Amino acid sequence: MIEKISFTINGKSVTVEVEPEMLVLDVLREVLNLTGTKHGCDNSTCGTCTILVNGKATKSCNLPVKKIASAEVVTVEGLAKGTQLHPVQKSIAESGAIQCGFCTPGIVMELVGLLGEKPDASQSEIENALNKHLCRCTGYEPIRDGALMAQKLIKDR
Amino acid sequence: MKRDIDGSVSVNMGGAEVGQGLRTIVRQIAAEALKIDPERVRVYNEIDTQFSPYEWQTIGSMFTTQGGRAIVRAADKLIAILKSNASQVLKADVDYLEYDGDYVYLKNDPDIRVAVKDINRGYITEDGITIGEMAQAVSDARLPRYSNPDKNGQGSMGVSYTFGATAAEIRIEKKTGKIIVDNFASTFDIGQVINPKQARGSVTGGVLMAIGATLYEKLEFSEEGKILNPHYFKYHLPLFKEAPKQSVDFVETPDAVGPFGARGVGEHSVIGPAPAILNAIYDAIGVDFYEIPVTPDMVKKALQTRQEK
């Protein structure tokens, strides 16, 4: 049964008319045309679907859209202010952490969530967060370097 | 390759960018050949057989060598056009002229010069007549004598060879048979390194792909040939915590063929990890494995057999 479900997406209020069980990942990509969030697997293991729901990094591939009614959702498209990149975007771009870029939005959202909540997150908290994301291209090292660079930028702000 | 009216450069090139940084090094090589800042070089983002120059395939770890040579040859042609235009303006033969990126000048009197901006589209004389050619050039490159193998399987199959060495430092958890790769070192002789960050990224990624094949990744098939484990939680790709600390170094013996002495690297980083790790296992427990992945169960069994012996 189609329902009207409202939430804010990247600061804007939206109302979608969909099945309440439709997955948030599909609502974002198919209904709202926000394809920055990726569909990388079919069993919630790869992390590329990660977004922020009420400030917390959350997988969107196993989340029915009815669960985000009235929530504040942020996707990777909502981070930059015009051409001004978010510190996490800037650091990940500069540290060599982006090759094919498929894992990047999920990792960026994970770090925005973690460092937004805990700018003083310990190295092991950062590493636990990164361990939830698969990457094939980089060997992970430049991603960790980018995460630490981002933490420094955020704390120095 | 064309020189726009503000002196910037646009490059239209085939070559598939998949994240390895192909367009970045096109920019860098073009800038170096044309003696201008890379910021002033623009590389088209779209490729389409309808309008892109021919590209055989982006393959063989050889775009830097082959594509790079094409860029340098196009740049040389473009510079020759600028000098030819300048020779009419400066009223001097082309062999007395020098190009420095923004000017063409007389070798023996550099104050006698004309700006590239003024001769990009030919040169417009005082009475409005335009002489000369537009500064745009097309070129290409092939690898010299790159051939099919002969009836004995021999031939020039690579033209330029990138050599390397790799080493692994591992620990084995006796109770579980788990292998942990603590440190991994790779060195490759790739001639002139054009983009150190990208070259390093190519190696660190390839090493981890090979570690996955060596220790974790195994496709399981049913009798009918169906894949039984097509899920990331059953087909184990290496995770962040399973990545070793990597040291990557490049030796720069100049290449005879590649642009500015550069040689290709791409597939190379995937070759060494399996044998290095298997040799390390032998060094640790005296057991030789001849197939991969070497799973914890296989190591446990080998340790038990060794114990019994």
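Predicted model: local features only at pLDDT ≥ 70, side-chain atom pairs only at ≥ 80, totals over all residues.

Me: Fine. How far apart do the C-alpha centres of domain 1 and domain 2 of chain B lie?

Reply: Chain B is divided into domain 1, residues 2-134, and domain 2, residues 164-308. The contact takes 15 residues from domain 1 of chain B and 14 residues from domain 2 of chain B. As for their C-alpha centres, the separation is 42 Å.

Me: Which residues touch the most other members of the largest nonpolar core?

Reply: That core has 58 residues. Apart from it lies another core of 37 residues, B:Leu34 and B:Val41 among them. In the 58-residue core, the two with the most contacts to other members are A:Val88 and B:Ile281.

Me: What relative accessible area does B:Tyr146 have?

Reply: You'll find B:Tyr146 in the loop between strands S8 (130-134) and S9 (164-173) of chain B. Together with B:Tyr54, B:Trp56 and B:Ile59, B:Tyr146 makes a nonpolar surface patch of about 480 Å². Patch residues need over 30% relative accessible area. B:Tyr146 counts as partly exposed, at 36%.

Me: Is A:Asn33 buried or exposed?

Reply: A:Asn33 sits in the loop between helix H1 (24-31) and strand S3 (50-53) of chain A. Its phi is positive, about 60°, although A:Asn33 is not a glycine. Exposed means over 50% relative accessible area. A:Asn33 has 60%, so the word is exposed.

How values were computed:
Residues numbered from 1 in each chain as written. Chains lettered and ligands numbered in written order. Heavy atoms only, no water. Patch = residues over 30% accessible without salt bridge, like charges linked within 9 Å, V, L, I, M, F, W, Y side chains within 5 Å. Areas by Shrake-Rupley, 256 points an atom, 1.4 Å probe, with all protein chains shown as cover. Salt bridge = Lys/Arg side-chain N within 4 Å of Asp/Glu carboxyl O. Helix = DSSP H or I, 4+ residues; strand = E, 2+ residues; numbered from the N terminus. Buried < 20%, exposed > 50% of the residue type's maximum accessible area, 1.4 Å probe, protein only. Core = buried A, V, L, I, M, F, W, Y, C linked by side-chain atoms within 4.5 Å. Domains from an automatic or database assignment. Contact = heavy atoms within 4.5 Å.
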